[in-house]
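Here are a few notes to read alongside the model. Have the view open as you go through them.

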Amino acid sequence: MLIAGVCWGQTMTGVVRDPAGLPLEGARLALVGAGMSQRTGADGVYQFLGMVPGEYRLEITREGFQTLRRDGLLVGVGERVVFDFELALGKGSERLEVTGAPPLLQVARGTVGFAVEQRKVVSLPLDGRNFVPLLALSPGVSLSPGSVLPRINGSRPRVSEYIYDGISVLQPEPGQVAYYPILDAIAEFRVETNSYSAEYGRSNGGVILVSQKTGTNAARGTLFGFFRNEKLNARNLFAATGAKPRFRRNQYGFVLGGPVQRDKMFFFVAWQGTRLNTGVVRVSTVPTLAQRRGEFLSVVMDPGRGPFGGDVIPVSRFDRVARELVERYPAPNVIGAVANNYRRVGNEDTGSDQFDGRLDRYFGTRQRVFGRYSFLRDESWPVAPLPDGSGNVTSGVIGDTVTRADSLAGEHTWNRSANAVNQVRFGYTQRRFERSTLRSVGRVGIPNVPVGSFADVLPTFDLVGWQQIGPPANGNARFTTAVTQLIDTYAGVRGGHSWKVGMDLRWSRLDVLQPANPTGNYQFSNLYTGNSVASFLLGQVVRFSIDVQPEVVRPRARVAEFFGQDDWRVSRRLWVNFGVRYTLNFPSTVLGGGTQVFNLVTERMEPVKTARNLEVLNFAPRLGVAYKLGEAVVVRAGYGMTWIEQAGITTPFTTPLFPLIQTLGQQALNNVSPAFVLSAGPRVGAQQGVFGVQRDNGSGYAQQWNLSVQKTWGEDWSGEVGYLGSKLTRLGVPDVNLNQLRVEQLGAGRRYPQFNTVALYRNNVGHSTYHSLQARVEKRFSRGLTLTGAYTFSRLIDDAGAVFDSAVLTGPAANFQAADSYNKRLEKDVSTGNVPHNVSAGFVYEWRGWQWAGIGRAQAGSPTAVTQATNFNAFAGFGVQRPDRLADPRLEVPSVGRWFNTGAFVGVGPGRIGNSSRNPVVGPGYRAVDVMMGRTFRLRDGLRLEMRAEAFNVANTPPLGNPNGSFGTAAFGSITTALDPRVFELVMKVSF
């Protein structure tokens, strides 16, 4: 047996028959080298439970029949495989050797999944050496370019469960994967995409199972190095002149495994270092030198007095603070451009080190234990859009960041008998980071500003339509999450039933100091002057917000889940799987207490320990059916329900943190007068936002269903087509303002005049619906070739493309993304994650030491939101204002300068909600082909040298970002970002 990884849920089952096709009782089956054996009962059924993923040799003996030995039986991670055997009459001394691949037909379950074996993991070209892009080879999985957060069958990006060696590494707040394994240390991985077993929960997307390698009796290892340099690459679309942006990456490391004590104890270690230095293009819109002097080319209003003469603001009228701050803007460097007139190319540095170490110990044939420790440290220094460090970075690392992840996993497996096994698993995973942006700047002379943590950070000055001065939100933080997990499962076999019961207990911890805007966010629009820059120069603040957090806060949560699953072989052709999972989401608390919520009835702040009720009826049924129509065709169907967090997204923390964190603010009460003048500062005792709660709002849950047909051809080809759908209920949505006026009340006073924004904390009332047609074809490895291809046609509709920013622990946001807090129907639209067409394919071909491999992906564009840069209804508590849409915005020949018809939209004024839907524009699609060519040289017995070249985006198709959706800005409709062009990589590996 080849030991490939730790076990959880792997089962081999089937029926042994005589030449007449009748069940054969008393046949002895032994897994050679694995120390596992059993005898068939009267029904001829056998089942091996708790198996390690890998390749097995099986020997079957029975008096009066020839001995049958079968090699090459593959058991993948998380799989339940079926192998039926027929014994020939004869003497036991007569032996029949059978070598061949197991059948591709999946007949034991009604679930839908996709497995990637080690050959593809280590051979397919992967940009960044992360296994997640391989998930996109499965139908139903869409992956945004440059992202490692897939959407699986209509889910949101951060809600899939990641299980490494049986232990979850998904961290709450905001659903971050603690680390990704070293690629060469992965034995195999599998993604369960629909109607999976009751053994798995907590996910409203998919379950990603990764089996890492273990040591064996033979010492084996690999040294590897991956190298890149910009001289081999094409030019980025937005760096058309000058030297190529820098692109240098070195990834190097080793994996090594072997015996500590032959047949009893094994070790495995892996280490990888990454050093990355890349040139990044940042495109911004900055004021011209003339505008910085107060000279404009259009009418500029003097608030309350009429237009400025000659469209010039006298320097004497400049606000004292703004006069100094405007000098932080660089001069435009894109000649002739009005929008996107400043381009900066800088070098980003990233350095990371990663380590895995594990021991596996076998105690006889019945017990085994393993322990693993994984470590990651990553340091990143991103490039800001402006030279002084200012600018809004909306993706990737947003500030100088040090991240560390630590993970412990352990398991004890006890084969109590041939028909019963117990597994106990323990896991602890922690992720922490510290981030710093624009620190040690000091205060800028604005009075009356409350002081909290990170008081030396430059405030943010947001000029609508222009690049901001100051750091992005959450640019400074100290953040630690941790999850402790204890799992116990007991599995057994009785007749045609294979059953499993168990529990999954989790304790989640968060320690955080992360005020989104610790020194304040000052917003300037064109409301009072007709130009945001002019409003800034005059100090006309339309909205001010500051998050005051003096010390670390410590939310805590725990979850208990229990499950039962029965896989029943009803007949030779029919399998039925049924199970149930029971979830107890205990309401979260805050260590040390001191939290309060706003009572909407009494209009008073009240102390609380928790903010939700304990739910005791969260049962989630699972049902699957598989029926074998013939020797090469199976029909499968399944339904599954899964309860997720009380917040409807991957965070269990539902207790508001007021007054431990307070968001104070002041905004204009009309469209005539500003909130205040910048140099005078906000009003002392500025209004604050508060949270109420909806205690009886239940946890979020997902429902999934599928109907599919699989057919195999010969021994190596398989095709599958089916309908898959999902419905997600009680999802997390953006905070809405209960203190917003209704449309018919514009001009009246607010309901809660003593507060700025009033919201229900993490109010999970969103919904989504997903329908898809999915098809897949696969050829497993034979004659040097393996390949897979997938196509998905789908539609995803929801009423909240984004959720509350779960990485931001503040008071209610004033710029929430709902057009009207009292009209949720306005938000229902095709989702931001809707990708109607998705095609992917991958192959590996080997011939006489040469190897070729490739991955191709093509997917339609995703929708883009359009909102007005100036929200004329902000004074009444409206988070955004959308324009009117007059026509279809699609263009026959779009370009990066004008991706859609901007003339299809027209602005609306105060008191109106535009008729545009939430996501009226579709961004650019994505297509790319990555290829690899290599050669392996045998230096001597057991020693091999592999050299290869890889090319990513070999056709050099620009992977464009989405267009600017801010109506009323000069950059509206344009695209300013593109991911990497064609990139080459050279690889060398030495294996022994």
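Predicted model: local features only at pLDDT ≥ 70, side-chain atom pairs only at ≥ 80, totals over all residues.

1. Numbering runs from 1 along each chain as its sequence is written, and side-chain values use heavy atoms, with hydrogens and water left out.

2. Start with β60, residues 983-991 (strands are DSSP E runs of at least two residues, numbered from the N terminus). Its covered face holds V983, E985, V987, K989 and S991, while F984, L986, M988 and V990 sit on the uncovered one. In a regular strand, side chains alternate between the two faces of the sheet.

3. Which strands pair with β60? β20 (220-228) does so in the antiparallel sense over six bridges, and β58 (943-952) is also antiparallel to β60, over nine bridges (pairing takes at least two DSSP bridges). F226 has V987 as its bridge partner, and E950 stands opposite E985.

4. Now the surface: F227, L232, F937, L939, M947, F984, L986 and M988 make up a nonpolar patch with about 710 Å² of accessible area together (Shrake-Rupley, 1.4 Å probe, only the protein chains shown counting as cover).

5. β60 gives the patch its largest share, three residues; β57 (926-940) and β60 each supply at least two. L232 lies in the loop between β20 and β21 (247-261). L232 counts as partly exposed because its relative accessibility is 40% (buried is under 20%, exposed over 50%, partly exposed in between; 1.4 Å probe, protein chains only).

Technical notes: Helix = DSSP H or I, 4+ residues; strand = E, 2+ residues; numbered from the N terminus. Patch = residues over 30% accessible without salt bridge, like charges linked within 9 Å, V, L, I, M, F, W, Y side chains within 5 Å. Salt bridge = Lys/Arg side-chain N within 4 Å of Asp/Glu carboxyl O.
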